[in-house]
Amino acid sequence: MAKNLLIVESPAKAKTINKYLGKDFQVLASYGHVRDLVPKEGAVDPDHDFAMNYDLIDKNTKHVDAIIKAVKQADALYLATDLDREGEAISWHIAEILRGKKLLKDKAVHRVVFSEITPRAIKEAVAHPRELSMDLVNAQQARRALDYLVGFNLSPVLWRKVQRGLSAGRVQSPALRMIVEREEEIEAFIPREYWSVEADLAHPEQPFKARLLKLNGKKFEQFDLTNTRDAHAARDALLSAAHGMLRVGEVQSKERKRRPSAPFTTSTLQQEAARKLGFATSRTMRLAQQLYEGIAIGDEGVVGLITYMRTDSTQLSAEAVGELREVIVREFGRQALPPEPNVYKSKSKNAQEAHEAIRPTSAALTPRRVAAYLSPDHLKLYELIWKRTVACQMQHATLNTVSVDFPCGADAAFRATGTTVIDPGFLAVYEEGRDQKSADDEDDARKLPTLKVGEAVPLRDILTDQHFTEPPPRYSEASLVKALEEYGIGRPSTYASIIQVLLNREYVILDSRRFRPTDVGRAVGRFLGGHFARYVDYDFTARLEDELDAVSRGEEDWIPLLSRFWKPFKAQVDDKLETVDKSEASGSRVLGVDPASGKPLSVRLGRFGPFAQIGTKDDEDKPRFASLRSGQSMHTISLEEALELFKLPRTLGVDENDEPVTVGIGRFGPFVKIGSTYASLAKEDDPYTIELPRALELVRARLELLANRIIKDFGNGIQILNGRYGPYITDGEKNARIPKDREPAQLTEAECAELLAAAPNRPKRGFKKGANGKAAAAKGESAKAKKAPAKKAAGKKAASKKTATAKKASGKSPARKTPARKSAVAGATKKTTRKSAGSPPIGEA
């Protein structure tokens, strides 16, 4: 048995490191976190110094058991989880579990850290271990406690005041506020008209354009020309003054140097991968993790290709810089190498200089050399990292910018600007991307012919173009990460999860790779901004991050930090539960009066999303309801648009049996109905414009599908059906596979009952495994479904299924109750029943 046990987080990393350390070491993986707060109230106890009640994560119990078994046989324990706070906390949790079982009494416990998975780095780390850092552990504990306290206490306020099932996060909420405020800026934006003026010059060597610099004796500003009449008058005057040509009045040439960008930190890597590769932050981090943990490179075996990918630092080790300089000379020539290495200062106040920037573990492993062993996505990201790192140690680029002025009459002038690259330097390898191109970028890309003072250049025309100012763009993943970093919200390791949480909760959607808040997201953002302004304030959130950083450096105690946060926060939560009006909190708006009934027409946020309502719950007649159409927002919809929604349900005509054919919108979207048969509309169908022939076509297709679905029906709820993945047996509660050697149509009722009884109980569709390994409702909901007992005999009725709502630490919503399916035809018809305009279940009064 190996004398030493070394624990890392991932099995891929364990496999790679095991090769490097030899037979004296056994390497096991913890598979990430091993303990977390118990998912119930009281997991953090503010009355007893914020004592935290941890429990094993169910899905990792077997991995913890393997560690316990192995440590009994080992002489020493090496904790080699990741080198950040999360990694330090995982190591501490593992040690605490083992200590609690009295397994560390006579064993040496070492903490080892490394930023790259290479033989040299691993052996160096093991040879120079350190103690566990309780400062880092406490910083992580404080962060986890804060997140729990905010989520567990703020989420119920959202349930009661905005919509059930909502949740709030300490860091996600300020990020949501950013996106919501940007959307409100866009909606409030009023475009302004302006005109640009350019001279179109026909130089014999190369035609080019010059922008208007001066008009009527003063510098030409953006809003000097704001209408067609003035723009055309200015053009006529300029043409008259030019007499068909412009003469060069002044030529200015200026040489400038451009330094390469610093090597990647986590945030800059996420930004560049989004701009240049179109990668989501989560995708970038997943690929980077795999490159860090190791890829099989031919005879070399598994090789860690990049250093640790969660870092604020822009530092490079002396060894790495030395290798980079050798590679630059070999690949690009000695002229591309600066006399001294380039040094970059980290912008982050808490960047640990002992950590490095993200770089290749060996610059000698060029993208060319490893291309055959990497997937296309891995190669794209590795090439991006390799080029950025090599470029950061290359010679600056030398550029020559030329500005040429062309007087036009006595009181006007044009200017043309162009840039020539004298020495590309690092630009031969890499140029940083930008979110938006500016006029200066266009100038940098333009080349001018050689021009001399006094030279006359023929004027082809003077061009005037109408423009309108544009609102600020919605955030892309790259610009949102940049904004989060600039405001100090979150840390590099959290940016991807912040974005993912907002998407998973459906507070925002990605529209053309830009974030747009949903109506629910806007309601949450406005509610928190209006009633918990301090806790979604950018400066407050950044200061709290700084305090957590101070804890990690040992400069501040974590318990007083939590206490300062908790007392005013809890008082505000209690106050808002009592004082806030639900209608105002959810963003309800009265748009006007319905002309037909004279009743108020409002838009509200209901259980299933935004809806329009005519009337109130206090009226003698029940209110009428209608769901908003796709793309409509309760925050921007007009009275006229809302009235259109109540034209549904529409009667399109009758079928061949004189049955009415209607179209409406219900909980599950737009549908066509004939009798008791419902058929969903396709994406390209519009319920407001669909015509009778298309509606009949959809219903026929639906009936054909249902008819072909049933292979056998025993009349008591048990059926053999054709499913998406082939034939199967169902009783409405459970599904069972059909043995490969059996013909579905030949199965008897008793055989089907036996197969159903033996089939495993599975969570209903819409449920997924939670972090603790137990069934948790999809999209973050936290109800757990209690399974009904399996059927003992075919003749018994299916036991009804009840859903028990369990309160979770995350404060998320209970799952919706789902009725058990009946027969295939009846069940499918029932399941697709929609409530059209006039049916209360779409929303609440």
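Reader: In the hairpin of β16 and β17, which residue takes a positive phi?
Author: Gly409 does, with phi near 75°. The model is a predicted one. Five residues lie between the two strands of that hairpin.

Reader: How many bridges do β16 and β17 pair over, and in which sense?
Author: They pair over ten bridges in the antiparallel sense. β17 covers residues 413–423.

Reader: What stands opposite Ala413 in β17?
Author: Pro407 does.

Reader: Which other strand pairs with β16?
Author: Strand β13, residues 250–258, pairs with β16 over nine bridges, again in the antiparallel sense. Within that pairing, Val404 of β16 is the bridge partner of Val251.

Reader: Is β16 buried or exposed, then?
Author: Strand β16 spans residues 397–407, and ten of its eleven residues are buried, so the strand is largely enclosed by the rest of the structure.

Reader: Switching to helices. Where do the axes of α2 and α3 come, and at what angle do they cross?
Author: The axes of α2 (residues 61–73) and α3 (residues 85–100) come within 11 Å and cross at roughly 60°. That angle is why α2 counts as oblique to α3.

Reader: Left-handed or right-handed?
Author: The crossing of α2 and α3 is right-handed.

Reader: Which residues make the contact?
Author: From α2, Val64, Ile67, Ile68 and Val71. From α3, Ile94, Ile97 and Leu98.

Note on methods: Residues numbered from 1 in each chain as written. Predicted model: local features only at pLDDT ≥ 70, side-chain atom pairs only at ≥ 80, totals over all residues. Heavy atoms only, no water. Axes fitted to C-alpha atoms, helices over the stretch in contact; angles between N-to-C directions. Helix = DSSP H or I, 4+ residues; strand = E, 2+ residues; numbered from the N terminus. Parallel < 35°, antiparallel > 145°, perpendicular 65-115°, else oblique. Left-handed = near helix turned anticlockwise from the far one by under 90°. Contact = heavy atoms within 4.5 Å. Buried < 20%, exposed > 50% of the residue type's maximum accessible area, 1.4 Å probe, protein only. Pairing = 2+ DSSP bridges.
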